[in-house]
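User: Could you take a close look at the helix packing in this model and walk me through it in one connected account? I would also like to know about the loops that go with the helices.

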Amino acid sequence: MRITVFGATGGIGGHVVRQALDAGHKVTAVVRQSSPFELEHSSLEVVRVPGLDEAGPLRDAVDGSEAVISGVGPRGRKSGAVASSSTRSMLAAMAAAQVRRFVAVSAAPLGPMPPDESFLNRRVVHPMINAFAADVYADLRVMEADIMSSGTDWTLVRPPKLNNKPLTGTYRTVVGGSVTRGYFISRADVAHLMLAVLDDPTTLDQPIGVAY
């Protein structure tokens, strides 16, 4: 498969690029002009763009691809509307290039509360998390709404707190829902899932909760 990866220099996107190449895919990595990116591979093309705010410069990066994966997201609570503005440009570029398959990373707090979630998580932990990063989740909600109304064949991956532990390939998922007592997952395993769903028709037009 030929895959375009946005956020290729980030924690999740970097793993997507490497895992996709290891799996034999051809990868176009979209990188900001100011960002270092030293990975070289015979099946890797690097496209440098000034930013992700406009669709025009992104069209060549997605043209001819069978799928687009976005690991773009806020780096902190003060990042602004990074996810929604960037994703809007990606979607416009995909529409212009007639590319339909789109997988993007979101966040677990946007998913529904599991019916068997603990009282502590339901009444204390989750409300605190949502209040602490309210602006981040507001941006992601806009992003998700844009994706869901885009007409693409989309999948949203919603992980909880991320860490840098190694790839395991073993984690829990809930299509259309949230993982009960799902506290952590590695960026490498999120990338693994984002690639795995490309061939899974049950994930089309669905959010997926993921956690250990």
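Analyst: Helix α1 passes helix α6 in a right-handed crossing, where right-handed means that the near helix is turned clockwise from the far one by less than a right angle, and left-handed that it is turned anticlockwise. The model is a predicted one, in which local features need pLDDT of at least 70 and side-chain atom pairs count only at pLDDT 80 or more, while totals for chains, interfaces and linings use all residues. Residues are numbered from 1 along each chain as its sequence is written, and side-chain values use heavy atoms, with hydrogens and water left out. Helices (H or I, at least four residues) and strands (E, at least two) are DSSP runs numbered from the N terminus.

Helix α1 covers residues 11–22 and helix α6 residues 187–196, and the two pack at an angle of about 55° with their axes 8 Å apart; an axis here is a line fitted to C-alpha atoms, for helices over the stretch in contact, and angles run from 0 to 180 degrees between N-to-C directions. That angle makes α1 oblique to α6, since angles under 35 degrees count as roughly parallel, over 145 as roughly antiparallel, 65 to 115 as roughly perpendicular and the rest as oblique. On the α1 side the contact (heavy atoms within 4.5 Å) is made by G11, I12, H15, V16, Q19 and A20, and on the α6 side by R187, A188, V190, A191, H192, M194 and L195. The residues of this contact of α1 with α6 divide into eight nonpolar, four polar and one charged, with Ala, Val, Leu, Ile, Met, Phe, Trp, Tyr, Cys and Pro counted as nonpolar, Asp, Glu, Lys and Arg as charged, and the others, Gly among them, as polar.

Turning to helix α3, its 16 residues (82–97) should span 22 Å at 1.5 Å a residue, and its end C-alpha atoms are 23 Å apart, which agrees; the expected span is 1.5 Å times one less than the number of residues. The buried residues of α3 are A83, S84, S86, T87, S89, M90, L91, A93, M94 and A97, where buried means under 20% relative accessible area, exposed over 50% and partly exposed in between (1.4 Å probe, protein chains only).

In the loop between β4 and α3 sits A81, which is partly exposed with a relative accessible area of 42%; A81 and A138 are 57 residues apart in sequence and 8.6 Å apart in space, C-alpha to C-alpha. At the other end, α3 is followed by Q98, whose phi is positive, near 60°.

Helix α5 also meets helix α4 (residues 119–132), with axes that come within 5 Å and cross at roughly 85°, so that α4 and α5 are roughly perpendicular to each other. Here I129, N130, A131 and F132 of α4 meet A134, Y137 and R141 of α5, and these residues divide into five nonpolar, one polar and one charged.

Some loop residues complete the account. D53, in the loop between β3 (44–49) and α2, counts as exposed at 61% relative accessibility, and D53 touches S85 and S89, leaving aside residues up to four places away in sequence. Most residues other than glycine have a negative phi. R181, in the loop between β8 (172–175) and β9 (184–186), has a positive phi near 50° and counts as partly exposed at 39% relative accessibility. D205 lies in the loop between α6 and β10 (206–211), with a positive phi near 55°, and D205 is partly exposed, with a relative accessible area of 39%.
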